[in-house]
Amino acid sequence: MREQTIVVLGRFDAGKTTFIKSVSNAATALEGPRAAEEAPTQGIVVYDVALPGGQSLTFLDTPGFDGYQAGGERAKETEEILQMLEEHLAANGSRPVSHVLVFLNANDMAAIEFKGRARRTFERLFPDAQVVCVTTRWDQIEGEDGFPVTAEEAETKEERLYNSGRTEGSLLEYLDGGRSNGRGVLHFRCGLPTEAYSYPQDIVQKLLAVPVSRS
């Protein structure tokens, strides 16, 4: 497919917007912004990215699942964020979602509650989408020696981190328990400057099997 719609979900401060902009900047050979410069996403934000091979991607960025809301407003629940997304897709006549990227902060893998209507909305929105979990902020996790974790340490820590967020009624339990379309969930690590690290553009390239960076 030459046009694909990718939904980006996940916790606040897991690097969702930075990931999208890194892919866009790689496609246009521009240097990306620092993560600290990104403001929290408050609504559904559309990013259109044209890849060098002629393929186009539409990223739909969403507010963080931890409910961060600027200005002291009531925090949005996960269910409400998915409803916002559903309304956006319906209003804009968007093509079916091909991929759902779920971002998790490896430095804070608190469980994300995911029950009832939220699960039903997810199934309704993404019946055929490939779901991908991306853990970020690996550069903030220290190894036993107090230094950033090595590739080997990351591999041993990863399952333990997932287990901490895989509680009853959580998003990770839902994803790992098998979804109705029967497709497995892919996993990537992002944010560790070793062989265990995958740059955003590399992850997209693996998902789509197309060139993303001109470098």
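## Strands, burial and a cavity in a predicted chain

Strand β2, which spans residues 45-50, pairs with β3 in the antiparallel sense, and six bridges hold the pairing. The model described here is a predicted one. Within this pairing, Tyr-47 has Phe-59 of β3 as its bridge partner. The two strands β2 and β3 form a hairpin in which five residues lie between them, and in the turn Gly-54 has a positive phi of about 100 degrees.

Strand β3 also pairs with β1 (residues 3-10), and here the two strands run parallel and are joined by six bridges. In that pairing, Gln-4 is placed opposite Leu-57 of β3. Strand β3 itself covers residues 56-61 and is mostly covered, since five of its six residues are buried.

### The chain as a whole

The chain contains six helices and six strands, and their order along the sequence is β-α-β-β-α-β-α-β-α-α-β-α. It has 215 residues, of which 47% count as buried. Of the contacts between residues at least 6 apart in sequence, 73% join residues at least 24 apart.

Strand β5 takes in residues 130-136 and is mostly covered, with seven of its seven residues buried. In a regular strand the side chains alternate between the two faces of the sheet. In β5, Gln-130, Val-132, Val-134 and Thr-136 point one way while Val-131, Cys-133 and Thr-135 point the other way, and all of these residues are buried.

The pairings described above can be set side by side.

| Strands | Direction | Bridges |
|---|---|---|
| β1 and β3 | parallel | six |
| β2 and β3 | antiparallel | six |

### Cysteines and Ser-198

Cys-133 counts as buried because its relative accessibility is 0%, which is under the 20% cut-off. Cys-190 is likewise buried, because its relative accessible area of 9% is under 20%. A disulfide is a covalent bond between the sulfur atoms of two cysteines, and the structure holds zero disulfides.

Ser-198 is located in the loop that runs between β6 (186-189) and α6 (200-208). Although Ser-198 belongs to a loop, it counts as buried because its relative accessibility is 9%, under the 20% cut-off. When its neighbours within four places in sequence are left aside, Ser-198 is in contact with Phe-188, Arg-189, Cys-190, Ile-203 and Lys-206. One of these contacts, Cys-190, is the cysteine with a relative accessible area of 9%.

### The cavity

How many cavities of 30 Å³ or more does a search of the whole structure find? The search finds one, and the volume of the largest cavity is about 50 Å³. The lining of this largest cavity is formed by Leu-104, Met-109, Ala-110, Ala-111, Ile-112, Gly-165, Leu-171 and Leu-172.

Conventions:
Residues numbered from 1 in each chain as written. Predicted model: local features only at pLDDT ≥ 70, side-chain atom pairs only at ≥ 80, totals over all residues. Heavy atoms only, no water. Disulfide = S-S within 2.5 Å. Buried < 20%, exposed > 50% of the residue type's maximum accessible area, 1.4 Å probe, protein only. Helix = DSSP H or I, 4+ residues; strand = E, 2+ residues; numbered from the N terminus. Contact = heavy atoms within 4.5 Å. Pairing = 2+ DSSP bridges. 1 Å grid on protein atoms, 1.4 Å probe; cavity = no way out; pocket = protein on both sides within 12 Å on 5 of 7 lines; lining within 4 Å. Points joined across faces, edges and corners; volume = space filled by probe spheres on them.
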